[in-house]
Amino acid sequence: MKEKINQKSNFKNILKRITQMFFAQEFMHKEQLFVWIIADIIKIAGLCFVWSASARMTGNMDQGYVITYYVLMVLIGKFMQDITPENGVRQILNGKFSNSLLKPMSYLTEYLGSNIGSNLFRLLVSVPAFGLGMYITNRLGFWIVDFNPYLILLGLLAVVLGFLINFLLGNIFALLAFYNKNMEGMRIFYNNIVATFSGEYIPFVALPLVALFTVQILPFRYTLSFPIEILLGRMTNYDIGIGFVIGMIWLIALYVIYSVLFKISIKKYAAEGI
Amino acid sequence: MKKSNTYKGEIVVRFLRTLFILGIQLLLLTLVFGNSEVYVGWTKAEAYLVMGIWNLLNYLGWAFFGINLERLESRVLSGEFDFTLLKPLSSAWFSSFYDFSTYSVISSLSGAALITYYFVLEWGTFTWERILLGVGGILVGLIFWYAFYLLLASFTLANPRNGFLALVKEILGLAKYPVNIYSNSVQMIFFTILPIAFVSTVPASLIIGRMGGSLLIIGAGLAILFVRFSYWVWKQNVKKYVSAGG
């Protein structure tokens with residue numbers, strides 16, 4: 001069996017190097033990434049139109065809240081993305097996962113670095129689009145965020161929490177590839193579930209109370225909507241506190257679930273491919 | 001069909017996903033409408049119809065040509081596309097239709113369900129003329145869908161890894177709702193330069209009886225022109241294709 005190097009002291013350096021590597025790798029395909037981000041912005045703009053028209057016509061929610069929610073999503077969404085459900089699953093299915101097991105570090109470090117590197121690059125490319133969205137929204141009188149430093153700090157903490165929850169969820173999902181060789185449908189289904197319950201398609205302000213309670217206790221809210229809700233400044237300190245507590249409970253629970261499932265699942269793994 | 005049947009679990013997952021999509025779309029429309037009977041000039045049943053047509057075209061399009069054009073990138077990168085060029089067939093035709101996804105047909109049932117729901121609700125008001133116009137409109141919508149996909153996929157030949165297919169998916173995704181949700185200037189674009197209104201809003205309007213047959217004729221003409229244009233762009237990109245792999 002492999003020998004693990006002193007991970008505690010080297011984790012930071014390894015993570016930094018992997019992050020830099022994946023940042024550079026994303027830069028190689030910058031044209032593709034740029035188009036992907038435009039595609040993502042088109043999707044968000046479409047949702048913005050849908051909910052903005054709904055707010056205008058029904059009066060059930062504030063139009064400024066919905067529009068600012070989606071403009072913030074352009075930026076916050078980039079922090080939170082996790083490529084494990086695609087890359088991790090692919091590596092298990094094509095046998096390249098064996099390489100990760102032989103490296104003198106946990107494969108999670110590699111995946112974490114790849115996510116951070118990839119997200120950093122996407123974030124940088126998205127900043128101009130976010131700036132433009134903010135400018136237009138402000139000119140139209142819909143921008144409601146006042147950049148309170150306290151809320152920004154809490155928002156950033158929520159982003160870190162949400163990213164880690166999303167990362168663990170993605171890695172738990174990827175473990176299914178040890179048991180199932182055709183993961184395409186499941187992966188698309190998983191993405192649909194995360195996108196729906198994270199508040200991407202439906203802003204939670206539009207939900208009735210029972211549904212709102214349900215999404216608040218599920219982990220997906222914390223992977224996108226929660227930091228945006230904090231930054232929007234309409235949450236009470238009590239609600240923010242409860243949100244962080246639920247998020248932390250999920251983070252710990254998901255880590256335990258992942259660790260147990262990995263120990264069980266890895267015994268099933270047999271490398272494939274040549 | 002036999003190939004798809006190999007993964008029986010996948011079929012079950014696709015059915016579950018179809019139900020999930022249907023449920024979420026119904027929830028979304030319910031929330032968007034709120035207590036209001038009408039949303040941007042469309043009733044709830046009419047909005048179901050628009051979304052149903054979109055689902056049908058999206059998943060059928062994926063089943064027939066989307067899946068093949070998505071694979072074009074890997075075929076170009078591996079050099080496999082060389083063999084396509086050597087076949088005595090149109091490379092665009094072969095690259096679009098050489099395989100078929102049964103799984104996506106399962107997902108298209110969500111569209112069929114929404115359209116059927118509209119028909120059940122409005123059964124007494126239909127005329128054969130409107131149904132035929134609607135079917136024509138859906139076919140024209142499918143041709144537009146194909147033209148969009150082919151046009152942007154063709155750039156993969158000259159420049160792989162360009163991300164254009166993700167772009168076309170999201171552009172077509174804007175047609176999931178009636179175009180009236182967008183501002184007037186955006187609507188104008190969706191009827192002319194970027195004619196995604198013909199994908200779902202126009203077929204739905206033909207079925208509802210808001211638009212006449214003349215728009216179907218205009219749409220059919222535009223769709224044929226658009227497909228011809230996409231084929232022309234494909235040929236230009238084939239000229240720039242450089243074999244890779246080995």
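The model is predicted; local features need pLDDT of at least 70, side-chain atom pairs count only at pLDDT 80 or more, and totals for chains, interfaces and linings use all residues. Residues are numbered from 1 along each chain as its sequence is written, and chains are lettered from A in the order in which they are written.

Chain B contains 11 helices and 2 strands, where helices (H or I, at least four residues) and strands (E, at least two) are DSSP runs numbered from the N terminus. The order of its elements from the N terminus is α-α-β-β-α-α-α-α-α-α-α-α-α. The C-alpha trace of chain B spans about 60 × 45 × 30 Å along its principal axes. Of the 246 residues in chain B, 43% are buried, that is, with 20 or more other C-beta atoms, placed from the backbone, within 10 Å of their own.

In chain A, helix α7 (residues 149-174) packs with helix α10 (residues 225-232) at an angle of about 180°, with the axes 8 Å apart. Axes are lines fitted to C-alpha atoms, for helices over the stretch in contact, and angles run from 0 to 180 degrees between N-to-C directions. The pair α7(A) and α10(A) is therefore roughly antiparallel (angles over 145 degrees).

Between the chains, 28 residues from chain A and 33 residues from chain B form the contact, defined by C-beta atoms, placed from the backbone, within 7 Å. On the side of chain A that touches chain B, α2(A) gives the largest share, 15 residues.

How values were computed. Two residues are in contact if their C-beta atoms, placed from the backbone, lie within 7 Å. Angles under 35 degrees count as roughly parallel, over 145 as roughly antiparallel, 65 to 115 as roughly perpendicular and the rest as oblique. A residue is buried if 20 or more other C-beta atoms lie within 10 Å of its own, exposed if 12 or fewer, and partly exposed in between; C-beta atoms are placed from the backbone.
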